[in-house]
Amino acid sequence: MNSENRAAIIPEPGKALEVTTSAVIHPSHGEVLVRNHAIAIQPLDAKMLLAGYGGAGTLQHFPAVLGSSGAGVIEELGQGVTDLDVGDRVVFDTRAYIYGDANRREGTWQQLVVSDAKTVAKIGDVAFEQAVLIDFPLQTAVAALHLFLGAEKPGAGSVDERVLIWGAGGAVGSYATQFAKSVGYTVIVTASPRDVERQKALGASEVIDYKAPDAVDRLRAWGPYKYLFTASGDPKSQQALACLLQPQGGQFASVLGGDVELPSNVQRVYKPFSQAAQRDENSEFREWWYKDYLPKVLQEGLVEPVKYTKKEGGLGSLQQASTEVFEGRVKGKLVLNPQD
Ligand SMILES: NC(=O)c1ccc[n+]([C@@H]2O[C@H](COP(=O)([O-])OP(=O)(O)OC[C@H]3O[C@@H](n4cnc5c(N)ncnc54)[C@H](OP(=O)(O)O)[C@@H]3O)[C@@H](O)[C@H]2O)c1
């Protein structure tokens, strides 16, 4: 094993990333050390780096390391880990954005990352890039629909029940469409007109342009909906879902919060869905996700991954790549290998 670890660190709040070398960290009881081969930059990471957004509040100590997902090969086991081995190819999520003091060991924008063994999934021969492209945004969609709204697991739903995914064009939205379809529901989505054929191939029965002036009326004609989710989370989408839920009232899930005024009988469910599995109160979901569902999805190719671009330059390209994601210049995801 190498005795050095390279990491992209934020030296101080608001400063640009620097790539530094430090001593190798070792896993404690119940943890594993993973040599990380793939990072997919999420909007959350880019917003934390460049705008001090949301989870940035968890970066209490500097220098700090961003990233909460990765894929690679297990290099060392902590005591008490029995279901994983050195050499296993895995995808994993960490507590980097959960606890203020966790990111130096568990931030995934580095070559060697410590992870709780409970949030590690074996991926067999699946490419590391494919694994990171799917895990984080799919988990967001499934946590929102299944864990927080109460949708069924795959195969247990009825075609007579309808699900609405607003803003299905992105990673979270595309996976939400596929998950809802796999449960057995009828899925209606909003997306850009250029995305209609892809959305239908992913399982949507109807695709409505989210910019169309009559979008809400057309969606109402396809309802009522048992589960409603905005995967873009913007104010317009939240207002549209609230409007559809009137006059009976009800709830919808949103990837973003904000201060949109909602009718008193409409609730918005806004949570850090992507981090839900890190919480012990969701241990049943966590167990199902990492040890059952995610390995099956990856190894049996059950979802179509979003498009991606490989960024050359490894950790040194993270600052520029984050800027591109932050400015909305990327369709699909940017993926890089911290070992490059
Ligand atoms: N709460 C959580 O746990 C959580 C977890 C993950 C992500 N998020 C948030 O969810 C959002 C989406 O993440 P992502 O990974 O799916 O991003 P992404 O893959 O970059 O998705 C971007 C796509 O979303 C669509 N879109 C953008 N603005 C839209 C709008 N106003 N209305 C409808 N569709 C719109 C666009 O598709 P078209 O080009 O086809 O229009 C765009 O290409 C981000 O803001 C992210 O921070 C939250």
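Q: By class, which residues does the lining of the second largest pocket have?

A: The lining has seven nonpolar, six polar and two charged residues. Here Ala, Val, Leu, Ile, Met, Phe, Trp, Tyr, Cys and Pro count as nonpolar, Asp, Glu, Lys and Arg as charged, and the others, Gly among them, as polar. A quick word on the model: it is predicted, local features need pLDDT of at least 70, side-chain atom pairs count only at pLDDT 80 or more, and totals for chains, interfaces and linings use all residues. Residues are numbered from 1 along each chain as its sequence is written, and side-chain values use heavy atoms, with hydrogens and water left out.

Q: What makes up the lining of the second largest pocket, and which residues lie nearest its centre?

A: There are 15 lining residues, and Pro-224, Tyr-225, Leu-244, Leu-245 and Gln-248 lie nearest the centre. Strand 11 (227-230), helix 7 (235-245) and strand 12 (250-254) each supply at least two residues of this lining. Helices (H or I, at least four residues) and strands (E, at least two) are DSSP runs, numbered from the N terminus. The space in this pocket is about 250 Å³, a volume being the space filled by probe spheres set on grid points joined across faces, edges and corners.

Q: Why is Pro-224 called exposed?

A: Its relative accessible area is 69%, and exposed means over 50%, buried under 20% and partly exposed in between (1.4 Å probe, protein chains only). Pro-224 is therefore exposed. Pro-224 sits in the loop between helix 6 (215-222) and strand 11.

Q: Which residues of helix 7 are buried?

A: They are Ser-237, Gln-238, Ala-240, Leu-241, Ala-242, Leu-244 and Leu-245. Their cover includes strand 8 (162-166), helix 6, strand 11, strand 12 and strand 13 (266-270).

Q: What lines the largest cavity?

A: Ile-39, Ala-40, Gln-42, Asp-45, Gly-67, Ser-68, Ser-69, Thr-108, Trp-109, Val-132 and Phe-136 line it. On a 1 Å grid over the protein atoms alone, a cavity is a set of points where a 1.4 Å probe fits but cannot get out, while a pocket is an open set with protein on both sides within 12 Å along at least five of seven lines; lining residues have an atom within 4 Å of a point. The largest cavity holds about 60 Å³ of space, and the structure has one cavity of 30 Å³ or more. Strand 3 (31-40) and helix 3 (128-148) each give at least two residues to its lining.

Q: Why does Ile-134 count as buried?

A: At 4% relative accessibility, Ile-134 counts as buried. This residue lies in helix 3. Beyond its neighbours within four places in sequence, Ile-134 has contacts that include Tyr-175, Leu-294 and Pro-305, where contact means heavy atoms within 4.5 Å.

Q: Why does Glu-106 count as buried?

A: Its relative accessibility is 3%, so Glu-106 counts as buried. Glu-106 belongs to helix 2 (residues 103-106).

Q: Why are helix 1 and helix 9 called roughly perpendicular?

A: Helix 1 (residues 43-51) and helix 9 (residues 318-326) pack at about 105 degrees, with axes 9 Å apart. Axes are lines fitted to C-alpha atoms, for helices over the stretch in contact, and angles run from 0 to 180 degrees between N-to-C directions. Angles of 65 to 115 degrees count as roughly perpendicular, under 35 as roughly parallel, over 145 as roughly antiparallel and the rest as oblique. Helix 1 and helix 9 are therefore roughly perpendicular to each other.
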